[in-house]
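Good morning, everyone. Please take a look at the model on the screen, and I will walk you through it.

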Amino acid sequence: MSLYYVQKLLYQLNRDSYVRKRFDDDFDLLLAEYELTPEETEAIRKPDIGLLYVLGVNGQILMHYAAMRDYEWDEYLAAMRKGLKDHGPVRAGLYATVWE
Amino acid sequence: MSLVYAGACSHAPGITGRAERADPELRESFYKNFRRLGQEIHDAKPDALVIIGAEHFANFFMDNMPAICVGMADHYESPIEDEQWLGIQRTRVPGNAELSRRLIERILQSSDVAYAEEWKFDHGVAVPLNFLTPDYDIPIIPVNINCQGPPLIPLHRAYAFGQALRTAIDGIPERIAVVCTGGISHWPATPDSGKINEAWDREFLDRFINNRRDEILSYTDEETYRDAGQGGFEIRTFIALAGLCGGATGELYFYAPIPIFAVGCTVARMNLS
Ligand SMILES: [Fe+2]
């Protein structure tokens, strides 16, 4: 589990047109620069927006990746809900916080 | 005294990006009050508009996350998001690096802030500007309070930042307007998007408008997350404005939950004496 790097990649994709271009042209080389598990890599490649949500990606980052992969707003919300059904509750990050 | 205006507003991306899906009457009433705030800001003839916002991983990320950051550039790009998605055309927004620098130097006397000479506004600033300064005719000084990636600044420190900003503004000759922008309760970009806790919002706004300091500082993050969602963390922007305004009370121009905008839409002004 390397939620930090999943989010970092998606954050940079949203912000940096050069990273975006490499994502299109050079996917494997680009992703090799981030510490990702095979599950995370696959979820990004597919994309499996629901699984990315369950892995803990913050919605404020995920919604832009979903839009970049041509998800309409309602499709994006539906994908997260389906993710919860298929993969169970969010595993890490803010939405899985256990408060002390 | 050179603080010439203080107000508060929402900034959710749906406000512009999903405009056509909202109830037209409610939407137009909200827009009208949003523009009223813009008119009042212009009437106050400020040399710059400080926007205290809470961006969403556009410039600041967990690799190097400032609790508070102030922009220090002569211009900013806005918006960072896809123009179609947000419904706002990309443009260059004027800033004032020299003025920013003088403010930052003064703020640092009593509050720790980072600064940024490069900044791409996300919807957190772009949506307010779309209504407040649609012609981009007032230089903007953006302030970001990290409300997204915990650990977050404690509420009383956000309040103290507002006080430090006030002291800084009082110490310069320029006329400064300040607007804070945050959601109140909302669950943005999650499966619960559209959920709004109106009772919680109204209670918070009552405390804010009447500037009851102890009461607006009494929320714990655990309570806020439970009752007001992740978006509730953005009350820090309101709290900073409350600190800026000292004991001044305000007037709520508009509040209504608009679920397709995913937030209780809010417009308020403070009465500076
Ligand atoms: Fe926000």
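Contact here means heavy atoms within 4.5 Å. By that rule, 29 residues of chain B are in contact with 25 residues of chain A.

Quick ground rules. This is a predicted model, where local features need pLDDT of at least 70 and side-chain atom pairs count only at pLDDT 80 or more, while totals for chains, interfaces and linings use all residues. Residues are numbered from 1 along each chain as its sequence is written, chains are lettered from A and ligands numbered from 1 in the order in which they are written, and side-chain values use heavy atoms, with hydrogens and water left out.

Back to the interface. Buried area is the accessible area (1.4 Å probe) that two parts lose on being put together, summed over both. Between chain B and chain A that area is about 2,600 Å². Carbon and sulfur atoms give 61% of it.

Now charges. A salt bridge is a side-chain nitrogen of Lys or Arg within 4 Å of a carboxyl oxygen of Asp or Glu. The rule finds one across this interface. A:D74 pairs with B:R21, and the closest N and O atoms are 3.0 Å apart.

Polar contacts next. Such a contact is a pair of N or O atoms within 3.5 Å; within protein, one must be able to donate a hydrogen and the other to accept it, and residues adjacent in sequence count only if both atoms are side-chain atoms. Between chain B and chain A, seven residue pairs are in polar contact, both residues at pLDDT 80 or more.

Where on chain B does the touching side come from? Helices (H or I, at least four residues) and strands (E, at least two) are DSSP runs, numbered from the N terminus. Helix 9 of chain B, residues 221-228, gives the largest share of the side that touches chain A, with three residues. That side of chain B divides into 14 nonpolar, seven polar and eight charged residues. For those classes, Ala, Val, Leu, Ile, Met, Phe, Trp, Tyr, Cys and Pro count as nonpolar, Asp, Glu, Lys and Arg as charged, and the others, Gly among them, as polar.

On to chain A itself. Buried means under 20% relative accessible area, exposed over 50%, partly exposed in between (1.4 Å probe, protein chains only). In helix 4 of chain A, residues 38-45, the residues A:E40, A:T41, A:A43 and A:I44 are buried. Why do they line one face of the helix? Seen down the axis of helix 4 of chain A, the buried residues fall within an arc of 165°, so they line one face. The arc is that of the directions from the helix axis to the C-beta atoms. Their cover includes helix 1 (3-15), helix 2 (17-25), helix 3 (27-31), helix 5 (49-55) and helix 6 (59-68) of chain A.

Now the inside of chain B.

Start with B:L3, in strand 1 of chain B, residues 3-9. B:L3 is buried because its relative accessible area is 2%. Leaving aside neighbours within four places in sequence, its contacts include B:R166, B:I169, B:V178, B:L244 and B:L272. B:L3 and B:E174 are 171 residues apart in sequence, yet 8.6 Å apart in space, C-alpha to C-alpha.

Second, B:A158, in helix 6 of chain B, residues 155-170. Buried or exposed? B:A158 counts as buried, at 0% relative accessibility. Beyond four places in sequence, B:A158 is in contact with B:I153, B:R236, B:I239 and B:A240. From B:A158 to B:A242 is 84 residues in sequence and 9.4 Å in space, C-alpha to C-alpha.

Third, B:T237, in helix 10 of chain B, residues 235-244. B:T237 is buried too, with a relative accessible area of 0%. Not counting residues up to four places away, B:T237 touches B:I52, B:G53, B:A54, B:I145, B:C180, B:T181 and B:G182.

Last, the backbone. A cis peptide bond joins B:S78 and B:P79, with omega about -10°. B:P79 sits in the loop between strand 4 (75-78) and helix 3 (83-86) of chain B. The bond from B:P150 to B:P151 is also cis, with omega near 5°. B:P151 lies in the loop between strand 7 (140-145) and helix 6 of chain B.
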